[in-house]
Amino acid sequence: MIEIKNLWKEYGDNVVLEDISKTVNDGEFVTLVGTSGCGKSTFLKMLLGMESPTRGQLLIDGQPIPDEPDQSRGIVFQQYSVFPHLSVLENVMIAREFERAPLLGKLFGGRKKQVREEARALLEKVGLTPAADKYPHELSGGMRQRLAIAQALIRKPKVLLLDEPFGALDPGIRADMHQLILELWREHNLTVFMVTHDLSEGFYLGTRLWVFDKVRHDPQAPGAWGAQITYDLPVGEIPADTLAKMQQQINEPEDKKITGESA
Amino acid sequence: MKRLVNLTPSKPARILLGLLPFALILLIYVIASDARLEANPSDKLLPSFEQMGDAISRLAFEPSKRTGEYLFWQDTLSSLTRLGLGIGIAAFIGFTLGLLTGALPTAYAPLAPLITVISLIPPMALLPILFIVFGLGELSKIALIIFGVAPFIARDIQRCTLEIPREQLIKAQTLGASSWHIVWRVLVPQLMPRLINAMRLSLGAGWLFLIAAEGIASTDGLGYRIFLVRRYLSMDVILPYVAWITLLAFIIDWLLAKTSQLAFPWHHQGGKA
């Protein structure tokens, strides 16, 4: 269970997130949408441990989230999240090698074979078996993201963080990836947080949709107020007019909104 | 007529055009040399190819009367040993420092300013100090190459380390990697082709420092030889030696490039993933 208690994030005078309180149960699939710069990526970074809250608490199973990334929370970025110097198979195996070979970071013989089998099984699941011996630069964008997901899952994290993972993919491939991520989510019993620009993705995937937006604006001091979660909706029960309103909120550019409201 | 920027010569034309300047230079040299030798057969400034061949076969295939060594090969061996040791040690030091300062902020803070300042010292200005401290032997020549090249490699590797996408380092941590794992399994392999590239770029400087040090204080070596025979205006030795040095530089560069392509194919096929 992840608890967010009166969470604030500020950079100097610039308030990014203000006073967020939520609870997320194990196994939920939360989609985070919002305009760019609204703090949803900052929130993901806090879950990852790269940023810490300025005020308030971020608890995982009652404990504060560690202040650096570790194997309990997996991540898939939009790009650069696989290792270019390793083959597809090695990219998946390396996580087990980190775990089981603290000194060399590399396994040999029987122990290596065992990890290889495990990695192959995971590649089979994400549909990368034919590409097991290729290098990442030989893969298409979608295959590379499949690899990044397989890599993130081998250490069996409880929480999976996705930072616009399908943003650079073609629509057709994106649909396949949605299918894949839903399957893996159910099978591995993951808690998923996914940041996306694509609202329809938020509706299709997952169990819960969060919209990040600034409730108050001061045109003289754009950094004075931070974003809050303006909508927290269970997916599947959202009325059409709410959808339209949200669509508008997300697509409106930040500067236009400020002048519009002050006028 | 296409614009000049869109005009690409065909492949045979490209090769021909590439060879053309070489052929022209040779031709001009032969004409000039012939003219001078005709006016004065004992002219030393522009020796004929025959004279150069004689001089080199004397140095390469007849033992020296004084020492019994085949001077040309002895010079080559000495120079290559010095260059290899110098560049090799410089690469090791530079790689270690660049990797540490690039990967660890706690190493960057105390070391990076120092490396920057050291890299700004003109290495040739250190040569007298090296001669005083290490004497006139091998050590001071190799030390000059190290001082000249290592800071450049260190800064280059540092920059390359910092350029590796942060996402990869974070990803490795979410896979349970320790700092050591990240350095050893994520950074070092990706930096190896960059190191070879940095070595290729620093070989020019390496040769410069080698020949300068040999010219000033040495008893053998390619640089020593050309500085020695300068006293006798022996262009018939100097010109082939310069050509030989150029060929050696070319071969070393080519070997490094090939090694990199064979050992790190993912790097050369443009993989950043």
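Q: Which residue of β10(A) does W210(A) stand opposite?

A: Two strands pair if DSSP finds at least two bridges between them. Here W210(A) stands opposite D232(A) in β10(A). Strands are DSSP runs of E of at least two residues, helices are runs of H or I of at least four, and both are numbered from the N terminus. β9(A) and strand β10 (residues 227-234) of chain A run antiparallel, joined by seven bridges. This is a predicted model: local features need pLDDT of at least 70, side-chain atom pairs count only at pLDDT 80 or more, and totals for chains, interfaces and linings use all residues. Residues are numbered from 1 along each chain as its sequence is written, while chains are lettered from A and ligands numbered from 1 in the order in which they are written.

Q: Do β3 and β9 of chain A run parallel or antiparallel?

A: Parallel. Five bridges link strand β3 (residues 29-34) of chain A to β9(A). V33(A) faces V211(A) across this pairing.

Q: Is strand β9 of chain A mostly covered or open?

A: Count neighbours. A residue is buried if 20 or more other C-beta atoms lie within 10 Å of its own, exposed if 12 or fewer, and partly exposed in between, with C-beta atoms placed from the backbone. Strand β9 (residues 208-214) of chain A is mostly covered, with six of its seven residues buried. Over chain A, buried residues make up 40% of the 263 residues.

Q: Into which domains is chain A divided?

A: Domain bounds come from an automatic or database domain assignment. Domain 1 covers 2-72 + 158-262 of chain A, and domain 2 covers 82-156. Their C-alpha centres lie 29 Å apart. Two residues are in contact if their C-beta atoms, placed from the backbone, lie within 7 Å. On that test, 13 residues of domain 1 of chain A are in contact with 10 residues of domain 2 of chain A. Helix α5 (residues 171-188) of chain A supplies the largest share of the domain 1 side, seven residues.

Q: How many residues does each chain bring to the contact between chains A and B?

A: Chain A brings 28 residues and chain B brings 23 residues. On the chain A side, α2(A) gives the most, with four residues. For classes, Ala, Val, Leu, Ile, Met, Phe, Trp, Tyr, Cys and Pro count as nonpolar, Asp, Glu, Lys and Arg as charged, and the others, Gly among them, as polar. The side of chain A that touches chain B has 15 nonpolar, seven polar and six charged residues.

Q: What covers the buried residues of α7(B)?

A: The cover includes β6 and α4 of chain A, together with α8 (179-216) of chain B. Among the buried residues of helix α7 (residues 166-174) of chain B are I170(B) and K171(B). Just after α7(B), G176(B) takes a positive phi of about 90 degrees.

Q: Which residue other than glycine has a positive phi near 55 degrees?

A: L233(B) does. L233(B) sits in the loop between α9 (222-229) and α10 (235-263) of chain B. L233(B) is exposed, with 12 other C-beta atoms within 10 Å. Y80(A) is not a glycine either, and has a positive phi of about 60 degrees. Y80(A) lies in the loop between β6 and α2 of chain A. Y80(A) is buried, with 20 other C-beta atoms within 10 Å.

Q: How many helices does chain B have, and is chain B compact or spread out?

A: Chain B has 11 helices and zero strands. The radius of gyration of chain B is 24 Å, well over the 19 Å that the globule rule gives for 273 residues, so chain B is more spread out than a compact globule. Of the 273 residues of chain B, 34% count as buried.

Terms used
The radius of gyration is taken over C-alpha atoms; the globule rule is 2.2 Å times the number of residues to the power 0.38.
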